[in-house]
Amino acid sequence: MNPKVPEIVLDTTLADLYGGIGLREGQNPTLLPCYWCSDIDYRRDIPSTSRYLYQGTPIPHGTDETKDLVVQCLSLECQRFLFAAGTMEAVLFDFNEDGDCRGEAAETLSVLSKEQRPNIWFSFGLQDLKRRIPQSQLAVVVPHERLSTHRQVINPDILYTLLSKRFLATSGLPTPPSVLLDLDELDGSAEQKLALASLWISCFKLPRVFKTQQGMSSVGTFVIRTEQERRDLMNTLSTSILRRTLAGVTPKNKHLYPSTLISQEMINHAGECFATSFFVKRSGECIFLGACQQEMSDSNAWLGASIRYLEQDRLRGRLWETISRISNLLATKGYYGPAGADIILEYSSNSRQTLQPLIIDLNVRMTGSLSLCFLHGHFSERRGMHDACITQRLRFSLRRDQFQNIFAREVASGQMIIVAWFYYGKKKFSWGTMILGGENAESLEILYRRVKALAF
């Protein structure tokens with residue numbers, strides 16, 4: 001018997017935030033919470049991007065990895081974003097990858113209060129989407145040129161530029177000293193540019209951070225400490241990431257600088273580092289939503305994030321000036337909506353030491369930890385759980401109901417919330433993402449370890 005899942009009431013939602021900037025009821029944009037890929041077609045009617053080039057997903061090898069990428073980008077990531085959406089229209093894509101994408105999304109969102117559930121449209125592809133909702137205004141996570149003729153909240157060229165690592169490096173905001181190699185401004189063949197990139201990388205003293213232009217979830221960010229790591233980076237760029245990007249550059253997109261490389265000074269001794277979430281108003285004012293700490297792997301892959309609700313007032317005070325500067329700048333570029341920034345509060349490097357905040361990444365979109373910021377009331381105020389975390393996607397040899405039965409007490413008490421799930425029928429395993437709560441960091445860690453022990 002499945003445990004009874006309590007109704008989840010969020011502190012606020014994305015729909016509330018859009019409504020608070022003067023949009024009348026019924027005028028909220030339609031959310032399209034998908035990441036796109038530049039290297040493969042998800043399916044024939046959801047092709048890869050060709051104008052907007054991304055380096056945010058590793059190339060899958062074989063049919064199974066391709067299916068996993070489709071499920072990750074068109075189901076799991078979308079469910080996670082939709083959990084924070086609220087009562088606004090949203091689009092999901094209907095696809096058959098040996099699972100029930102409609103049923104999984106409906107069950108994930110069913111735990112939310114009816115007043116905070118998005119109204120979901122299911123579409124079979126990009127053309128079908130434009131046909132079904134021709135008058136809607138889309139709020140996209142990242143742009144796709146096949147939607148460029150459709151009305152959007154933010155001009156897609158502008159959004160692509162704001163999402164780029166180059167924008168932060170040249171913005172004038174406090175960020176690590178950076179050197180740019182704008183390959184798309186140079187003449188020459190792809191082979192010549194690849195050789196130049198390797199020579200450029202070899203010139204910097206280590207340790208050093210290198211970034212590609214449009215990485216996501218830390219894909220495309222390389223922390224290089226040794227000569228072997230430098231050689232590995234040069235090989236990776238020359239044989240895959242940069243080579244593929246250069247092959248996609250045309251006269252129609254070279255002005256967007258898709259092939260730019262960034263080299264940044266290493267922050268040797270960082271103090272507290274927080275992944276902030278905030279909402280940018282049209283006026284440039286911002287609404288602070290929360291500050292989380294991210295968990296990263298040794299290879300710099302995103303593993304999840306945690307939040308301490310009792311610390312949020314203090315952190316708001318420390319971070320306010322920095323996120324206000326970001327919001328003002330974004331508004332001057334025509335942006336309004338959700339955004340995030342990874343900010344170090346105090347640090348030292350090879351050349352300086354300061355107690356001033358430093359922005360090491362800028363995410364001009366919904367953040368992966370946004371839902372955590374909306375659950376202060378659910379966890380801290382109503383249940384005395386002052387710490388919470390959101391997991392990366394984990395793989396289980398269990399169906400959703402089997403997993404929930406194992407954690408029946410935690411599910412029934414509201415300590416565990418599944419925010420994304422997909423079950424492969426033939427393979428008999430699931431991908432899942434959940435938010436966990438605890439009275440303190442220690443009790444949260446115990447529950448997290450129990451969850452991780454079931455993953456494979």
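Me: Helices are DSSP runs of H or I with at least four residues, strands are runs of E with at least two, and both are numbered from the N terminus. With that in hand, where is S202 found?

Reply: S202 is in helix 7. Before going on: this is a predicted model, where local features need pLDDT of at least 70 and side-chain atom pairs count only at pLDDT 80 or more, while totals for chains, interfaces and linings use all residues. Residues are numbered from 1 along each chain as its sequence is written, and side-chain values use heavy atoms, with hydrogens and water left out.

Me: Okay, and how do I read exposure? Why does S202 count as partly exposed?

Reply: Buried means under 20% relative accessible area, exposed means over 50%, and partly exposed is in between (1.4 Å probe, protein chains only). S202 is partly exposed because its relative accessible area is 36%.

Me: Now salt bridges. How many does the structure hold?

Reply: The general idea is that side chains of opposite charge can pair when their charged atoms come close. The cut-off here is a side-chain nitrogen of Lys or Arg within 4 Å of a carboxyl oxygen of Asp or Glu. The structure holds 21 of them. Take D157 and R51, whose closest N and O atoms are 2.8 Å apart. This pair links distant parts of the chain, 106 residues apart: D157 belongs to helix 5 (156-163), and R51 to the loop between strand 1 (30-32) and helix 2 (62-82). R51 is partly exposed, since its relative accessibility is 22%.

Me: Is the E77 and R80 pair buried or exposed?

Reply: Both E77 and R80 are buried. They form a salt bridge too, with the closest N and O atoms 2.6 Å apart. About one helical turn separates them, because they sit three residues apart in helix 2.

Me: Last one: cavities. Which residues lie nearest the centre of the largest cavity?

Reply: A cavity is a set of points, on a 1 Å grid over the protein atoms alone, where a 1.4 Å probe fits but cannot get out; lining residues have an atom within 4 Å of a point. Points join across faces, edges and corners, and volume is the space filled by probe spheres set on them. The structure has five cavities of 30 Å³ or more, and the largest holds about 140 Å³ of space. Its lining is 16 residues, with Y18, A139, V140, Y335 and P338 nearest the centre. Strand 4 gives the largest share of that lining, three residues.

Key: On a 1 Å grid over the protein atoms alone, a cavity is a set of points where a 1.4 Å probe fits but cannot get out, and a pocket is an open set with protein on both sides within 12 Å along at least five of seven lines; lining residues have an atom within 4 Å of a point.
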